[in-house]
Amino acid sequence: MKVHKFEKIWMSIGTGSLILFLVILGVSAVHAGHTPAASGIETIHPDYVRDDNRFSEPGLYESSEEGYDYDLYYVASAFRYEPAEVEVPQGSRVRMQVVTTDVVHGFQVVNTNINMMVEPGLVSTYGTNFNTVGEYLVICNEYCGVGHTDMTSVIKVVPEEGDAEDE
C-alpha cells in the first residue's frame, strides 16, 4: 500500500499537534506546584464538626488572619443554618467558613456574588467585604430534603458605631 506524499504531511502535522497539545497539558498540570489532587482545601470529619472550636459556637469573631477584620463561622445541617442571624459592621472584610454535618448544602447570600457548595468533610471558605448597610438573606440553593425551603439565615450589615451618629 502506497501512502501519498500529502497524506504523510497531514498525518505528520496531526501527530505533531497532538504531541504538542499533550506536552502543554502535562506542563500546565504540574507547573508552579499544581497537581491533579486538590490542594489548599481544609477537611473536617462531619461527625466531629462540633469538636472544632470554630464551629462549636458558630458566629462572628474578630479575625487573627491577616487581611480580615472578622471570621464568620456557619454550620449547615438538616434544614437550618447556625447562626440564624448575625450582625456585621459595615466596611468589614470578612472570611466566611461554612461546614455541614450531614448532606450537601448550598450557601448563597442573595444579591451578592457569594455562592458556595457546602460538602460533608470540607470547610468552604469565602472572603468578602460588606460595604452596604442592609439585610442579606442566606439561602440553601442545593436541594437537601423536605425542609430545604425553610433553610435560611440573615446577615445584617449595620453602620459602624461612630457612623450612626453622623446621619
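Select tyrosine 73 to begin: at 8% relative accessibility this residue counts as buried, where buried means under 20% relative accessible area, exposed means over 50%, and partly exposed lies in between, with a 1.4 Å probe and protein chains only. The model on your screen is predicted, so local features need pLDDT of at least 70 and side-chain atom pairs count only at pLDDT 80 or more, while totals for chains, interfaces and linings use all residues. Residues are numbered from 1 along each chain as its sequence is written, and side-chain values use heavy atoms, with hydrogens and water left out.

**The aromatic rings**

The model has 6 aromatic pairs, a pair being rings of Phe, Tyr or Trp (its six-membered ring) with centres within 6.5 Å, called stacked if the planes are under 30 degrees apart, edge-to-face if over 60 and tilted for the rest. The ring centres of tyrosine 61 and tyrosine 73 are 6.1 Å apart and their planes stand at 40°, so this pair is tilted. Tyrosine 61 lies in strand β1 (residues 60-62) and tyrosine 73 in strand β2, so the pair ties together parts that are 12 residues apart in sequence; strands (E, at least two residues) and helices (H or I, at least four) are DSSP runs numbered from the N terminus.

**Arginine 95**

Next select arginine 95, whose place is in strand β5 and which, at 15% relative accessibility, counts as buried. Apart from residues up to four places away in sequence, arginine 95 touches several residues, among them Glu65, Asp71, Tyr73 and Tyr126, where contact means heavy atoms within 4.5 Å. Which ring has arginine 95 over its face? It is the ring of tyrosine 68, at 6.0 Å from the ring centre, and the rule for such a placement is that NZ of Lys or CZ of Arg lies within 6 Å of the ring centre and within 35 degrees of the ring normal.

**The nonpolar core**

Now colour Tyr74, Tyr81, Met96, Phe107, Phe130 and Ile155, the residues with the most contacts inside the largest nonpolar core, which has 22 residues; such a core is a set of buried Ala, Val, Leu, Ile, Met, Phe, Trp, Tyr and Cys residues joined through side-chain atoms within 4.5 Å. Among the elements that give two or more residues to this core are β2 (70-77), β5 (92-100) and β10 (152-158). A second, separate core of 7 residues includes Ile44, Val49, Phe55 and Val123.

**The open sheet**

Switch to a cartoon view and follow the open sheet of 5 strands in the order β4-β10-β9-β6-β7, with mixed pairing; two strands pair if DSSP finds at least two bridges between them. β4 and β7 stand at the edges with a single partner strand each, so one side of each is left without a neighbour in the sheet. Within the sheet, β6 and β9 run antiparallel and are joined by 2 bridges, and isoleucine 139 in β9 is the bridge partner of glutamine 108.

Finish in the loops, where proline 83 sits between β3 (80-82) and β4, and the peptide bond from glutamate 82 to proline 83 is cis, with omega near 0°. Phenylalanine 79, in the loop between β2 and β3, has a positive phi of about 70° although it is not a glycine. Asparagine 111, in the loop between β6 and β7, has a positive phi of about 65° and is exposed, with a relative accessible area of 76%.
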